[in-house]
Amino acid sequence: MDDQISPNNDPHGWIWFITGPTASGKTTVAKALSGSFDFTYIEGDDFRPKGSIDKMNRGIPLTDADYHDWLLPLREECSHQYEQGHKHLAVSCSTLTRQHRDTLRQVSNGLKDAHVGFVCLDAPEEVLLERAIHRHGRYAGGNLVQSQFHSLEPPSDDETDVLRADAMRGEDRLKSDVMQKVEDEMRHSGRGYIA
């Protein structure tokens with residue numbers, strides 16, 4: 001990365017959603033973007049209703065209604081942060097389908113100079129299953145991975161705002177890869193900036 005991205009003195013803003021199934025590295029990558037590029041970090045799981053959390057901990061697939069009740073408050077928080085002057089956000093959230101991504105794309109409606117991008121972290125189910133079995137804390141265990149892969153819809157070719165990254169790489173390589181992809185997108189899209 002030749003020139004450091006800086007959020008200072010530029011009218012454009014970016015809201016980056018770091019997505020993928022559980023144990024794919026969403027939080028790690030979103031925090032890396034936040035720390036390296038001075039983006040505001042939002043943990044999407046903080047906005048899940050209790051009923052959805054209970055389901056996830058038991059490995060029960062969430063319904064479209066469950067996702068609706070989660071993604072709308074998350075989208076509202078992104079809008080709020082942007083309107084408060086936090087023009088560059090890195091948001092970790094397991095948006096698994098085209099419909100989920102479309103819901104979050106609407107965050108830019110009514111926000112001046114706001115652009116939305118996604119980074120989908122890809123890894124085979126068996127790899128994430130192994131990671132989830134050995135993780136501790138929230139959403140540990142393999143049942144959640146299996147239920148999420150059942151619902152997973154990889155991005156279509158026409159979803160040009162989606163970047164993809166190989167979550168099979170080691171943590172440092174994954175973070176570096178995503179930061180480079182995000183910087184390249186902001187540099188060359190005509191909607192970003194370089195200080």
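1. Strands β1 and β4 pair in the parallel sense over 7 bridges, where strands are DSSP runs of E of at least two residues, helices are runs of H or I of at least four, both numbered from the N terminus, and pairing requires at least two DSSP bridges between two strands. The model is a predicted one, in which local features need pLDDT of at least 70 and side-chain atom pairs count only at pLDDT 80 or more, while totals for chains, interfaces and linings use all residues. Residues are numbered from 1 along each chain as its sequence is written, and side-chain values use heavy atoms, with hydrogens and water left out.

2. On its other pairing, β4 is joined to β5 by 5 bridges, and these two strands run parallel. Cys120 in β4 stands opposite Thr19, and the bridge partner of Cys120 in β5 is Arg164. Because 8 of the 9 residues of β4 are buried, this strand is largely enclosed by the rest of the structure; buried here means under 20% relative accessible area, with exposed over 50% and partly exposed in between, using a 1.4 Å probe and protein chains only.

3. Helix α1 covers residues 26-37 and reaches 16 Å from its first C-alpha to its last, close to the 16 Å expected at 1.5 Å a residue, the expected span being 1.5 Å times one less than the number of residues. Its buried residues are Lys26, Val29, Ala30, Ala32, Leu33, Ser34 and Phe37, and they pack against β1, β2, β3, β4 and α7 (contact means heavy atoms within 4.5 Å). Just after α1, Asp38 takes a positive phi of about 60 degrees.

4. In helix α4 (residues 98-105), the buried residues are His100, Arg101, Thr103, Leu104 and Arg105, and what covers them includes β1, α3, β4 and β5.

5. The largest pocket is lined by 23 residues, of which Ala23, Gly25, Lys26, Thr27 and Arg135 lie nearest its centre. The elements that give two or more residues to this lining are α1 and α7, and the largest share, 3 residues, comes from α1. A pocket is an open set of points on a 1 Å grid over the protein atoms alone, where a 1.4 Å probe fits, with protein on both sides within 12 Å along at least five of seven lines, and lining residues have an atom within 4 Å of a point.
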